[in-house]
Amino acid sequence: MLNPSWRRIVLKVGSALIAPDNEGCSEKYLRPIAEFIRECRLLGREVILVSSGSVAAGRHHFNFQHHRVPLALKRAMAAVGQNEMMNFWSRCFDFPCAQVLLTHGDLSDRVRHVNVQNTLRRLLDHGVLPIVNENDTIATEELKVGDNDNLAAMVATVAHADALLICSDVKGLFTADPNKDPAAEFIPEVKHISPQIYALAGGAASAVGTGGMRTKIEAAEKATTQGVDTIIADGHQPETFQCLLAGKNPGTIFYAQKNPLPAKKHWVRHTLRAKGEIWVDDGCVAALCQHGASLLSSGIVKIKGEFESGDAVIVRCAVGKRSIAKGVSRYSAHELFSIKGQKTQHIEKCLGYCPNGSNAVIHRSEMMLLEKL
C-alpha cells in the first residue's frame, strides 16, 4: 500500500531473495524489486535499500559444504559477497548507488548516529540510492545488530522515513505457521504490537538468512513507535510490488503509533544495549512509574554488571525482579556501589566529587519505562 503521504521509504530485502540457491546473486526475484524502486523515485518518493545477502552471495566462492559456517569464514564470504551484491544492484539502475556499511556501534553512539543520519540525507538530496548492510566483515558479537530486519528499522528511524517495507519469503503474519497448519488465518493489519502478536512468531524460515517472523515484529515495533508504518510482504511475488504501486496492501501492515516516542527515548529503548542492571526498592518503583521521577541513589538496593557512565542499564524491582525501565546511567557501577541507598546530598561526601554535576543516577529525559514487565 503506497500511501500518498509517504515521501521516504526504507525497503529491506532478505538473503533468500538475493541469493536463493547460494550460488551468488540471482535476478530471479530482484528485477521486480528494482523496478519498484525506479517507479517510487519517478513518483517523487525517496528510497533507502537495506540489502541482506552478502554471505549468501559470496558462499559459492568457497569450498565449504557444511551447513554451519565458522565465523571467520563467514566474514570472508561476506567480504566477497558484498562486492558482488553491490555490483549487481548497480547494474539494475541507471542512477548512482552508494554502499553504506553499519554496525550496531555506529547507531548506538550518538555522534556516529548523527553522522549516519547526515550521510543518508546527503545521498538522498543528490539522487543517490543508499544501499545499507551490516558490516559483517568486522562486526563483533558486541557490535552486531544481528539481523537486517532490525537494522532496517533502525535505519528507518535514523533517516526519519515514513514507511518500512520488509520483503520476506512469506505473505505476512498468520495466526499460526501456514506451512504446518492449514487452518492458519492471515492477519492483514495490526494496530498495536502486543505480547499476543509476538506469540504468533515462529523461528527463522530461511536457511540462508538470520531472521524469522519474530525479528520482523521486533523491527515493526521499533519503526511504529517512531511513527513509521511497516509492511511485511512476500518479496517472491511480483504482484506484491504491483499492489503497493496501486495503493493496495499486499501483506501485513503495522500502523505507526499516533504519538511516537521522542527521538532520544526511542534511541534509549530500541538502540542502546544494556550493560548492567540496577535494582531498586518499591518506593523508587512508584516514583519512576507513577510520578515520572528521575532515578536517585537513595532508592538503589543492588547493582549488577560492569558499566561506565553513559552506558545503558535496566532498572529492576528488587521485589519480583520485574524490568521497570531502561536508561542511561550517569554513574559507573563502581561509583554506584559506594552511593547506593544514600541520599543525594551525601553523594559528594561518599565519592569526594559529584559526577557530571548531577544528583540523578538516571535522568527522566534519558529513561524509558518498559511496557513489558
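## About the model

The model is predicted, so to speak of a local feature takes a pLDDT of at least 70, side-chain atom pairs count only at pLDDT 80 or more, and totals for chains, interfaces and linings use all residues. Residues are numbered from 1 along each chain as its sequence is written, and side-chain values use heavy atoms, with hydrogens and water left out.

Let's start with S14, which covers residues 312-317. Strands (E, at least two residues) and helices (H or I, at least four) are DSSP runs, numbered from the N terminus. In S14, 6 of 6 residues are buried, where buried means under 20% relative accessible area, exposed means over 50%, and partly exposed lies in between (1.4 Å probe, protein chains only). Side chains in a regular strand alternate between the two faces of the sheet. Here, Ala312, Ile314 and Arg316 point one way, while Val313, Val315 and Cys317 point the other way.

S14 pairs with strand S11 (residues 274-280) in the parallel sense over 6 bridges; two strands pair if DSSP finds at least two bridges between them. Ala312 is the bridge partner of Ala274, and Ala312 also stands opposite Val328 in S15. The pairing of S14 with strand S15 (residues 323-328) is antiparallel, over 5 bridges. Their hairpin has 5 residues between the strands, and Gly320 takes a positive phi near 100 degrees there.

## An open sheet of 8 strands

Elsewhere, 8 strands form an open sheet with mixed pairing, in the order S3-S4-S2-S1-S5-S9-S10-S8. At its edges are strand S3 (97-102) and strand S8 (189-190), each of which pairs on one side only. Within this sheet, strand S9 (residues 229-234) runs antiparallel to strand S10 (residues 252-254), joined by 3 bridges. Ile232 stands opposite Thr252 in S10.

## Helix H6

H6 takes in residues 110-125. Its 16 residues should span 22 Å at 1.5 Å a residue, and the end C-alpha atoms are 23 Å apart, which agrees; the expected span is 1.5 Å times one less than the number of residues. The buried residues of H6 are His113, Val116, Gln117, Leu120, Leu123 and Leu124. They cover an arc of only 130 degrees around the axis, so they sit on the same side of H6; the arc is that of the directions from the helix axis to the C-beta atoms.

At the N-terminal end, Asp109 caps H6, with a side-chain oxygen 3.1 Å from the backbone nitrogen of Val111. Just after H6, Gly127 takes a positive phi of about 75 degrees.

## Cysteines

With a disulfide taken as a pair of cysteine sulfur atoms within 2.5 Å, the count comes to 0. The sulfur of Cys40 is too far for a bond, because the closest cysteine sulfur, in Cys167, is 11 Å away. Cys289 is in no disulfide either, as the nearest cysteine sulfur, that of Cys317, is 8.7 Å away.

Cys40 is buried, at 0% relative accessible area, whereas Cys289 is partly exposed at 38% relative accessibility.

## Ser329 in its loop

Ser329 is in the loop between S15 and helix H13 (333-339). Ser329 is buried, with a relative accessible area of 1%. Not counting residues up to four places away in sequence, Ser329 touches several residues, including Phe307, Asp311, Val313, Leu336 and Ile362; contact means heavy atoms within 4.5 Å. The side chain of Ser329 also reaches the backbone oxygen of Tyr331 at 2.5 Å.

Conventions. Polar contact = N/O pair within 3.5 Å; in protein donor to acceptor, adjacent residues only side chain to side chain.
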